[in-house]
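Here are my notes on the model you sent over, as numbered points. Please read them with the structure open beside you.

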Amino acid sequence: MNDTSTTTAPGLLAGKVAFITGAGRGIGAAAARLFAREGAEVMLAARTETQLQAVTEEVRAAGGSADYVLCDLADAAGVRAAVDRVVDRYGRLDIAFNNGATLQRPGPMDQFPEADFDHVFSVNLKSVWVAMAAEVAAIRAAAGTGAIVNNSSIGSLRGNPELPVYGAMKRAVNSLTESAAVTYGPEGIRVNAIAPGGTLTEMIRTWEAESPGVLDRIRAQTPLRRVADPDEIAQAAAWLLSDRSSFVSGTVLRVDGGARA
Ligand SMILES: NC(=O)c1ccc[n+]([C@@H]2O[C@H](COP(=O)([O-])OP(=O)(O)OC[C@H]3O[C@@H](n4cnc5c(N)ncnc54)[C@H](OP(=O)(O)O)[C@@H]3O)[C@@H](O)[C@H]2O)c1
């Protein structure tokens, strides 16, 4: 017997075209799966084609719409070309999750090589600026209004002696986020950041390998006494990119199990 009182709610991101950087694994891959489940058409970007292919195929197998573009975030022209590819493929851009980033080698700032500083700067900060500029232009050109979420870190919120350069770039991402929210708000483009706490991905496993015990320390300092599953971080990004957060702009939302409370 049919239950006529039951309706199927449209997905949180139904009908939206989404661009996600760092979508081959970790939080970005979780976002690709989630955004597609919530009705978005998703364009994935990163450097490792096998990973992008795998996530794209997974999304398609589940009935979603996905494609990917190879892109090195250290290459500004490549970032712009990736955003152009979204518009070529789907006709417009509505939402973007600037998520891709690299970890720095852990350690005190005086031990950090200058060339590594420049690399972390390019990938973790400059790419966010380049991507936002291209995304705003793409949103304006067709959709008119839209939303952007940048992936920061709770490591941006106070001194970060183990990851000082990473922390500095993420702090600057928060500033760019706030400035972009103020600049583009009047035309209906919302810009927010999320600040994840410890999340079980390759990035944190790399940190653990270089600084054994860091995962246990993060768990102990997190009131929920665990690290996040990547999907829990993607959920916050999805909400901020959805119309449900229509009056939220310029915020840096901690998604950290209470670690900075
Ligand atoms: N995991 C955590 O505990 C944690 C906590 C706070 C914030 N975050 C932030 O969350 C975001 C996602 O990190 P994650 O933990 O999911 O890390 P991850 O598993 O290492 O994934 C990083 C993604 O970014 C891509 N990427 C890295 N360097 C790139 C480059 N030069 N060009 C293009 N793509 C690049 C990677 O793909 P390729 O290597 O194939 O290019 C990969 O798809 C980052 O912004 C990170 O800072 C993570």
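1. Let me start with Ser249: once neighbours within four places in sequence are set aside, Ser249 is in contact with Ala181, Arg190, Val191 and Asn192, where contact means heavy atoms within 4.5 Å. This serine is found in the loop between α8 (230–241) and β7 (252–255). Helices (H or I, at least four residues) and strands (E, at least two) are DSSP runs, numbered from the N terminus. A polar atom of the Ser249 side chain lies 3.1 Å from the backbone nitrogen of Val191. The C-alpha atoms of Ser249 and Gly185 are separated by 7.6 Å, although the two are 64 residues apart along the chain.

2. A word on the ground rules before going further. This is a predicted model, in which local features need pLDDT of at least 70 and side-chain atom pairs count only at pLDDT 80 or more, while totals for chains, interfaces and linings use all residues. Residues are numbered from 1 along each chain as its sequence is written, and side-chain values use heavy atoms, with hydrogens and water left out.

3. Thr21 is found in strand β1 (residues 17–21) and, at 4% relative accessibility, counts as buried. Its side chain reaches two backbone nitrogens: that of Asn99 at 2.8 Å and that of Gly100 at 2.9 Å. Not counting residues up to four places away in sequence, Thr21 touches Ala45, Leu73, Phe97, Asn98, Asn99 and Gly100.

4. Leu73, one of the residues that Thr21 touches, lies in the loop between β3 (65–70) and α3. With a relative accessible area of 15%, Leu73 is buried. Beyond four places in sequence, Leu73 touches Thr21, Val79, Gly100, Ala101, Ser122, Val123 and Ser127.

5. Asp94 lies in the loop between α3 (76–90) and β4 (95–98) and counts as buried, at 11% relative accessibility. The Asp94 side chain makes a polar contact with the side chain of Arg92 (3.0 Å). A polar contact is a pair of N or O atoms within 3.5 Å; within protein, one must be able to donate a hydrogen and the other to accept it, and residues adjacent in sequence count only if both atoms are side-chain atoms. Leaving aside neighbours within four places in sequence, the contacts of Asp94 include Gly15, Lys16, Val17 and Ile139.

6. Now the ligand. Which residues come nearest? Of the 29 residues around the ligand, they are Arg47, Thr48, Asn99, Tyr166 and Thr201; a residue is near if one of its heavy atoms lies within 4 Å. An oxygen atom of the ligand is 2.4 Å from an N or O atom in the side chain of Thr48, and I would be glad of your view on that distance. For Arg25, the distance from a side-chain N or O atom to a ligand oxygen is 3.3 Å. A ligand nitrogen is 3.0 Å from an N or O atom in the side chain of Asp72. The protein covers 96% of the 880 Å² of accessible area that the ligand has on its own; accessible areas come from the Shrake-Rupley method with a 1.4 Å probe, and for residues only the protein chains shown count as cover.

7. Around the ligand, α1 (26–37), α5 (164–184) and α6 (202–210) each supply at least two residues of the shell. The largest share, three residues, comes from α6.

8. Finally, the overall picture. The protein has eight helices and seven strands, and 49% of its 261 residues count as buried. Its C-alpha trace spans about 60 × 45 × 40 Å along the principal axes. Among contacts with a separation of 6 or more, residues 24 or more positions apart account for 71%. The accessible surface comes to about 12,100 Å², of which 51% belongs to carbon and sulfur atoms.

Note on methods:
Buried < 20%, exposed > 50% of the residue type's maximum accessible area, 1.4 Å probe, protein only.
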